[in-house]
Amino acid sequence: MKIAILSNGNVNYSTIRLKQVAEARGHSVDIIKYKNCFVSIDRKDPKVIYKGKDIDLKSYQAIIPRIANSMTKYGTAIVRQLEREGIFSTASALAIQRSRDKLRATQILARSVDIPKTVFSRNSIDIDGILDEVGGIPVIIKLASGTHGNGVVLAETKKAAKSVLQAFYLRNEEGTNVLVQEFIKESAGTDIRVFVVGGRVVASMQRQSLDDDFRSNLHQNGSGTRIKLTQEERRIAVKAARAMGLSVAGVDIMRSARGPLVLEVNASPGFGIEKITGRDVATPIIEYIERNAKRGAKKDKIGA
């Protein structure tokens, strides 16, 4: 089978692992820097051009999108073009886009799993009403477009919450959404990353901030340890990935007094979880492709 990994290059750990495993299983792998591609859109002769050469679209049986958050629009345009040529993808362009928009993702997740109470607003006029709706101070305020813990603030007083909201609104006059979310005190600085592939959990770790930071992301200098999930946590993680239309996903869960809550679902989860847990997550992804690629490109049947 011929597989293309859409990545920023061949130095990323996840890209290296996927290529190693796929080739060890007898597949041919090309690493394509999607940001250096351009698309010629034509009814009879559509083309994706990379390094000055046409990519033979019909030669690939599958693609693995590893699209950076900052390149979501352009990266998903490339994915969409390849999907339209009937190439199987481990993540559809639509699913990637939905997962990157925190407001849209929250609305989708809320239909299937429990999430922290969340309010969306475009002004800070009724700050008291907003705070009451999520359970009062402290609150988490986040930009819908943030990633790796960036654009996320903990407001511990009403005055601080109002100041942060006003600052975010002024900064985002062009329409970036701002979410206000309840603060889960019992899990402050801690969450769980669950790696889901093809409807089953293949690895999980607990992430903990190393200082007083309430964010547990490894990108924010958090630490990770292997953790055993409850049956309910496993069920919810798989359900959340399915709700977002993702066959490969990193599902972030927080333990609360009322049970596990889903924070978000990542369409391009990092492979650092392998180093922390000792679990292989690359092989299940390639095995998933082997089971499904020959059936034709996956169709996204989940509504926005």
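I began with helix 3 and helix 4, where Leu94, Arg98, Ser99 and Arg100 of helix 3 meet Lys102, Arg104, Ala105 and Ile108 of helix 4; contact here means heavy atoms within 4.5 Å, and helices (H or I, at least four residues) and strands (E, at least two) are DSSP runs numbered from the N terminus. By class, I noted three nonpolar, one polar and four charged residues in this contact, where Ala, Val, Leu, Ile, Met, Phe, Trp, Tyr, Cys and Pro count as nonpolar, Asp, Glu, Lys and Arg as charged, and the others, Gly among them, as polar.

I kept in mind that this is a predicted model, in which local features need pLDDT of at least 70 and side-chain atom pairs count only at pLDDT 80 or more, while totals for chains, interfaces and linings use all residues. Residues are numbered from 1 along each chain as its sequence is written, and side-chain values use heavy atoms, with hydrogens and water left out.

I then looked up confidence, given as pLDDT, the predictor's confidence in each residue from 0 to 100: the protein averages 87, and 87% of the residues score at least 70. Over residues 297-304 the pLDDT stays under 50, and the model has 24 contacts beyond four places in sequence for that stretch.

Next I searched the whole structure for aromatic pairs and found two; rings of Phe, Tyr and Trp (its six-membered ring) pair if their centres lie within 6.5 Å, and planes under 30 degrees apart count as stacked, over 60 as edge-to-face and the rest as tilted. The ring centres of Phe88 and Tyr288 are 6.1 Å apart with planes at 45°, so I recorded this pair as tilted. Because Phe88 lies in strand 7 and Tyr288 in helix 9, the pair ties together parts 200 residues apart in sequence. Phe88 is buried at a relative accessible area of 2%, where buried means under 20% relative accessible area, exposed over 50% and partly exposed in between (1.4 Å probe, protein chains only). Tyr288, at 9%, also counts as buried. The pair of Phe195 and Phe271 is edge-to-face, with 5.8 Å centre to centre and 75° between the planes.

Arg17 lies in helix 1 (residues 13-24) and, at 15% relative accessibility, counts as buried.
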